[in-house]
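Try each task before reading its solution.

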Amino acid sequence: MKDLAGRIAVITGGGTGMGRELARQLVAEGCSIAMCDISAANMAETKRLCEADRLPQGLRITTHIADVANEDDVKRFAGEVARDHDTDKIHLLFNNAGIGGGGSMIVHSREEWERTFNICWGGVYYGTRAFLPMLLKADRGHIVNTSSVNGFWASVGPSIPHTAYSAAKFAVKGFTEALQTDLRLNAPHIKCSVVMPGHIGTSIVSNSRKIQAGTQADTMTAHEIAQMRARIASMGVDASKLSDEEIVRRATDRARKFLDEAPTTAAQAARIILDGVKAERWRILVGHDAEVIDQRVRAAPEQAYELDFFQGIAKDVGWKLGN
Ligand SMILES: NC(=O)c1ccc[n+]([C@@H]2O[C@H](COP(=O)([O-])OP(=O)(O)OC[C@H]3O[C@@H](n4cnc5c(N)ncnc54)[C@H](O)[C@@H]3O)[C@@H](O)[C@H]2O)c1
């Protein structure tokens, strides 16, 4: 889909990060937007930014509260899009919402593990199910599913377990790859792409913490402090000697660094994604780090979870992740 003007785009997780930047750039290209999120305040800010960027005439930007892990919410969202945009079709679907957490099968609760998995995988699956009828009715359509480098490399380093997120992101990648053939055979006017970002500067660390804790508050609960202490200890630091205040400071610092010290900004990521959609590329790697990891995992898959492999990547792409 080379020309996006006049199209209707649905974005899940439009409240911050890449979802917000996709909304802004799509509006600038002349698309109407329907976004969902669990944060009304963040969506209101995205909408304000879209309008401040000068809204082309006749475009609609609508916001909808929906938890993508809940199929009833996603179905209601699709119904609201039809009603508020006065249409039975959409052209672009960005299944973008996602969170981290639930890294360990042993240390973390089943509830936390499944919250991450159900948002990252369930959100893509329910989103595709709910909006497929509206894509089928359009003259052309494009489904854009956000996976991650963790969709082909299940690691953020050898000292941090990362099971729920990786399992979900592998599922998103596998599903989207299999959709290539399904769509080609059964709905050739619809394309789809899997997006695999490296480290992108967003608030995903602080947002994930809040969503897992079920709060919008910036203060950490005793349970979260204990979890952060265990994470720091897993990295070889004697965390028992650290005060609660020090643990909170390190957690805040980690979220800030994730946002500020990333090699790629959310706006740059959105540009790469939209360029990929226009070029109808089915695999969209986002960032130099993602490209390097893709090549290295293919070149030496047996080495992918060894310390040397991670250190080589971190050094060569300039990652400053960790604690
Ligand atoms: N930032 C990165 O480095 C990175 C790397 C690879 C992949 N990703 C993926 O990119 C996507 C966008 O993440 P981001 O980095 O822009 O993060 P972000 O936290 O800035 O944005 C994600 C948005 O999704 C929303 N959201 C979370 N759970 C939701 C739910 N259950 N229902 C509805 N909305 C929900 C959040 O409120 C937030 O507004 C995610 O799927 C993430 O896993 C991010």
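**Exercise 1.** Work out how helix α6 and helix α8 are oriented to each other in this predicted model.

*Solution.* Start with the two elements: α6 spans residues 204-213, and α8 spans residues 244-260. Next, look at their axes, which come within 7 Å and cross at roughly 135 degrees. Now compare that angle with the cut-offs: over 145 degrees counts as roughly antiparallel, and 65 to 115 as roughly perpendicular.

**Exercise 2.** Find the residues through which α6 and α8 meet, then sort them by class.

*Solution.* On the α6 side, pick out I204, V205 and S206. Their partners in α8 are R254, A255 and F258. Sorting this contact by class gives four nonpolar residues, one polar and one charged.

**Exercise 3.** Describe the shell around the ligand: how many residues surround the ligand, and which are the closest?

*Solution.* Begin with the count: 30 residues surround the ligand, with D37, N96, Y165, T202 and N207 the closest. By class, the shell holds 13 nonpolar, 14 polar and three charged residues. Then turn to the helices: α1 (17-28), α5 (163-186) and α6 each contribute at least two shell residues. The largest share, three residues, comes from α6.

**Exercise 4.** Which atoms of V68, K169 and I200 lie by the ligand, and at what distances?

*Solution.* Take V68 to start: one of its backbone N or O atoms is 3.0 Å from a ligand nitrogen atom. For K169, a polar side-chain atom lies 2.9 Å from an oxygen atom of the ligand. I200 uses a backbone N or O atom, 2.9 Å from a ligand oxygen atom. Finally, check the cover: of the 830 Å² of accessible area that the ligand has on its own, the protein covers 98%.

Terms used. Residues numbered from 1 in each chain as written. Predicted model: local features only at pLDDT ≥ 70, side-chain atom pairs only at ≥ 80, totals over all residues. Heavy atoms only, no water. Axes fitted to C-alpha atoms, helices over the stretch in contact; angles between N-to-C directions. Helix = DSSP H or I, 4+ residues; strand = E, 2+ residues; numbered from the N terminus. Parallel < 35°, antiparallel > 145°, perpendicular 65-115°, else oblique. Contact = heavy atoms within 4.5 Å. Nonpolar A, V, L, I, M, F, W, Y, C, P; charged D, E, K, R; others polar. Near = heavy atom within 4 Å. Polar contact = N/O pair within 3.5 Å; in protein donor to acceptor, adjacent residues only side chain to side chain. Areas by Shrake-Rupley, 256 points an atom, 1.4 Å probe, with all protein chains shown as cover.
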